[in-house]
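New notebook page, new protein. I'm jotting down what I looked up, one entry at a time.

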Amino acid sequence: MLCTRLTNANILTMDPGHPVARDLGIWRGRIVGLDEAVTSLPAREVVDLGGATVLPGFIDSHVHLAWAGLKRNAPSVAACERADEVLAVIAEAASRTGAPGDWVDVMGYDQRALGRHVTAAELDAVSHGRKVFLMHDSGHGCVVNSAVLRLLPAGVPHQDGFLAEGAMVAARRLRLPYSQADIADAVERAARTCLAEGVTAVAEAGIGGGLLGHSPVELGAYQLLREQGRLPLRVQLMAAADTLCPRDAHVRDGLPRALDLGMRTGFGDEWLSLGALKIYTDGGMMARTAALTAPYTGMDHTGQLQDDPERLSRLIVDGHLAGWQLAVHAIGDRAADLALDAVERAQRLRPRPDARHRIEHAGLIRPDQLPRFARLGLSAVVQPTFLYSFGDDYARVMGPERTPWMYRGRGFLDHGVRLVGSSDRPVTDGAPLRAVQFMVERASASGLPVGPAEAVTVEEALHAYTVAGAHACRWDGSAGSLAPGKRADLVVLGDDPRRVDVFRIGGIEVVATFVDGREATEAGQL
């Protein structure tokens, strides 16, 4: 007897062997068959979907759940358009936070709305003796007051309190880590939002260190959720590369650096697992720290790499040699050159044809770099909504020649590169359907066309958030399509994204999300 049979549905399986179905049978969290294979079977529950569209649950292959959940509960300056408004929010937050000397976290900062950065001196005037940490929305910078600057190690660079990349990491290290309980609560909050948007599995892009790690024992927060039955969707964790340490392994193991006990990609189960090694090579376009080969338009700099190029390359090679899947953050084309060179070097030293290494963001990729992506078998894990939210600004600082190279779609597919959809939430909107719409439209919020030749079809965009996402996370044997034997993770939509006007795709209702064959409000772990 089936546990559940979904019937009277428009099921888009994403499986070319059986692309469309009407009925789907579920037993113990798995799909057991489609259409005539299950139509006559008895079931404990029969759900008539009244013609609604069903797709595999969306996979968001690059998120920051803890940051998203913490951001939701923190004071925010996101709505502020003037520096005095930002300072007023900080003054209010500082007046309500603990005692003098305590830290005040404020989120939602983006200097572009203000026309300049606020300064440490301005923060001093409103901080009431607290240590202020104003987080940039890109995750690649912050502004702090003098109480924080005085504690930084000598030589940490800043611009009137603005700290970028490694300098921001130095400031984060001054404070106590978040508790596992607080991180767990934040992750659960953000995960519930993902479920409401049809997402059933995510890849958490860097824990334990790097720019956005919240605790050196951060993995324990996810284990806590798992143990308490509060993990509402499937999570794959990327370890930040600076969590690797030299280990005295046997010489034949070939492990230059490793996590404790030699854990690497693949450890865990279907709910919580260890995925790729997250390696940052450059910064971000919002903070003007993405590493470019030519200057930002109207500026006299080309961004920055996170470290000495040879040290970054060695880290990529060491991760490959140690058996990790790599998720290399590379937004600018100069950073992409470094990543491509290092992966090529690593594969020469120890060929791993199915390593499934990924380039995270791939924000500015020159035409000559596309064949190298394909030749190295790299996936491009892009964030389509970035150009909807920030397209006008990005086009201005990249200029007309480079704008068509940003967050490509068609260029990757035409060269045989796997195009993987993701959000980078909470940097911007995380809803997959809205991202699908942009991948087809290629227009910013103002209507500015942004590389229209990079547009893909609706089917290709859905593939990026299902089949390609599963492959990038090494879940292709159990997720990404609705086929017998795979997990019953699916989303029910109020309309068919292939059949509505493109401008309506982002507004399609998510009627229900199923994880392990159960509606998301009841889903957790078996």
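This is a predicted model: local features need pLDDT of at least 70, side-chain atom pairs count only at pLDDT 80 or more; totals for chains, interfaces and linings use all residues.

Entry one, a sheet. I traced an open sheet of six strands, and its order reads β3-β2-β7-β22-β23-β24. The pairing in this sheet is mixed.

Which strands stand at the edges? I found β3 (20-21) on one edge and β24 (518-519) on the other. Each has a single partner strand, so one side of each is left without a neighbour in the sheet.

I then went to the β24 end. Strand β23 covers residues 510-515 and is joined to β24 by two bridges. The two strands run antiparallel. Across this pairing I noted V515 opposite R518 in β24.

Entry two, the whole protein. I have 15 helices and 24 strands on my list. For extent, I wrote down a box of roughly 75 × 55 × 50 Å, filled by the C-alpha atoms and taken along the principal axes.

Does the radius of gyration agree with a compact globule, or disagree? It agrees, because a compact globule of 526 residues would come out near 24 Å and the protein has 23 Å.

I looked up burial and got 61% of the 526 residues as buried. The accessible surface comes to about 19,900 Å², and carbon and sulfur atoms hold 52% of that.

I took contacts between residues at least 6 apart in sequence; 74% of them join residues at least 24 apart. Last, I checked the charges: 55 positive and 64 negative, with mean positions 4 Å apart.

Conventions:
Residues are numbered from 1 along each chain as its sequence is written. Side-chain values use heavy atoms; hydrogens and water are left out. Helices (H or I, at least four residues) and strands (E, at least two) are DSSP runs, numbered from the N terminus. The radius of gyration is taken over C-alpha atoms; the globule rule is 2.2 Å times the number of residues to the power 0.38. Buried means under 20% relative accessible area, exposed over 50%, partly exposed in between (1.4 Å probe, protein chains only). Contact means heavy atoms within 4.5 Å. Accessible areas come from the Shrake-Rupley method with a 1.4 Å probe; for residues, only the protein chains shown count as cover. Lys and Arg count as positive and Asp and Glu as negative; His and the chain ends are not counted. The place of a charge is taken as NZ of Lys, CZ of Arg, CG of Asp or CD of Glu. Two strands pair if DSSP finds at least two bridges between them.
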